[in-house]
Amino acid sequence: MPVSALRIEYGNNIIITRPVYENLYIAGGNVTVNAPVHGDLVIAGGTIVINDTVFNDILLAGGRAFLNGFVGDDIRCAGGELHISKNVMEDVVVAGGQLFIDKGVTIGNLLATGGNITVDGNVNGEVKSAFGELLINGNISKDADCRGGKITINGRIDGKSVLAASDIIIGNNAVFENDIRYWNRKGKLDFKPNIKNGNA
């Protein structure tokens with residue numbers, strides 16, 4: 001039978017400084033990864049900082065997590081706060097208090113539930129989200145289904161949009177390239193001149 005190689009680390013303060021060529025499992029109070037991980041990274045900690053490449057999946061549970069390295073596959077995360085500052089080749093699935101996707105970052109699909117979600121980067125796939133507050137300043141290449149307390153859009157959505165929130169704010173830089181279905185407490189909204197193709 002096939003056997004998958006793995007490495008396990010645990011303790012109050014964990015720092016990975018040498019490349020890991022198998023799947024890496026970490027549990028710690030403060031965790032820092034300063035070297036590439038060539039397998040999956042499964043990690044639980046209070047504060048997590050990943051500064052180098054993870055070639056496969058990241059499965060993460062933590063209070064605060066900072067992903068400063070490239071991710072070659074998916075991210076699955078449950079935590080209080082997640083910052084993504086490098087590209088993610090595949091999907092990002094997050095349940096947490098806050099999610100930040102930095103400007104210049106590109107990810108695959110985004111599935112997110114949480115308090116506050118800020119997308120300053122680019123989503124190459126679809127966005128599905130439920131939230132307290134959502135801010136989109138970047139670009140979404142496919143459909144967006146966003147439902148929550150407040151939505152502010154200053155970016156571009158190329159696919160169809162479903163927007164449902166108590167308050168929807170359409171910024172000057174917002175661009176909709178397809179149909180929009182929406183609901184908000186105020187009633188009818190004027191999407192012109194932000195909607196280029198399709199109808200609201």
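**A first walk through the model**

Author: Let me begin with Asn194, which lies in the segment after strand E16 (180–183). Please keep in mind that this is a predicted model.

Reader: Okay, so is Asn194 buried or exposed?
Author: Asn194 has a relative accessibility of 9%, and because the cut-off for buried is under 20%, Asn194 counts as buried.

Reader: And which residues is Asn194 in contact with?
Author: If we leave aside the neighbours within four places in sequence, Asn194 is in contact with Ile170, Gly171, Asn172, Ala174, Val175 and Phe176. With Gly171 there is a polar detail as well, in that a polar atom of the Asn194 side chain lies 3.2 Å from the backbone oxygen of Gly171.

Reader: You mentioned Ala174; where is Ala174 found?
Author: Ala174 is found in the loop that runs between strand E14 (161–170) and strand E15 (175–176). Ala174 counts as buried too, with a relative accessibility of 3%.

Reader: What does Ala174 touch, again leaving aside its neighbours within four places in sequence?
Author: On that basis, Ala174 is in contact with Asn194, and also with Ile153, Asn154 and Gly155.

Reader: And how far is Ala174 from Ile16?
Author: From C-alpha to C-alpha, Ala174 and Ile16 are 42 Å apart in space, and 158 residues separate them in sequence.

Reader: Changing topic: what is the order of the strands in the sheet?
Author: There is an open sheet of eleven strands with parallel pairing, and its order is E1-E2-E3-E4-E5-E6-E8-E10-E12-E14-E16. Its edge strands are strand E1 (6–16) and E16, each of which pairs on one side only. On average, and with direction ignored, neighbouring strands of this sheet are turned by 10° against each other.

Reader: Can we zoom in on one pair: how many bridges join E3 to E4?
Author: Strand E3 (residues 41–50) and strand E4 (residues 58–67) run parallel and are joined by nine bridges. Within this pairing, Ala44 stands opposite Ala61 in E4.

Reader: Last topic: how many disulfides does the structure hold?
Author: The structure holds zero disulfides. Cys77 is in no disulfide, since the nearest cysteine sulfur, that of Cys146, is 19 Å away, whereas a disulfide needs the two sulfur atoms within 2.5 Å. Cys146 is likewise in no disulfide, with the sulfur of Cys77 as its nearest cysteine sulfur.

Reader: Is Cys77 buried or exposed? And what about Cys146, buried or exposed?
Author: Cys77 is buried, with a relative accessible area of 8%, and Cys146 counts as buried at 1% relative accessibility.

Technical notes:
Residues are numbered from 1 along each chain as its sequence is written. This is a predicted model: local features need pLDDT of at least 70, side-chain atom pairs count only at pLDDT 80 or more; totals for chains, interfaces and linings use all residues. Side-chain values use heavy atoms; hydrogens and water are left out. Buried means under 20% relative accessible area, exposed over 50%, partly exposed in between (1.4 Å probe, protein chains only). Helices (H or I, at least four residues) and strands (E, at least two) are DSSP runs, numbered from the N terminus. Contact means heavy atoms within 4.5 Å. A polar contact is a pair of N or O atoms within 3.5 Å; within protein, one must be able to donate a hydrogen and the other to accept it, and residues adjacent in sequence count only if both atoms are side-chain atoms. Two strands pair if DSSP finds at least two bridges between them. Axes are lines fitted to C-alpha atoms, for helices over the stretch in contact, and angles run from 0 to 180 degrees between N-to-C directions.
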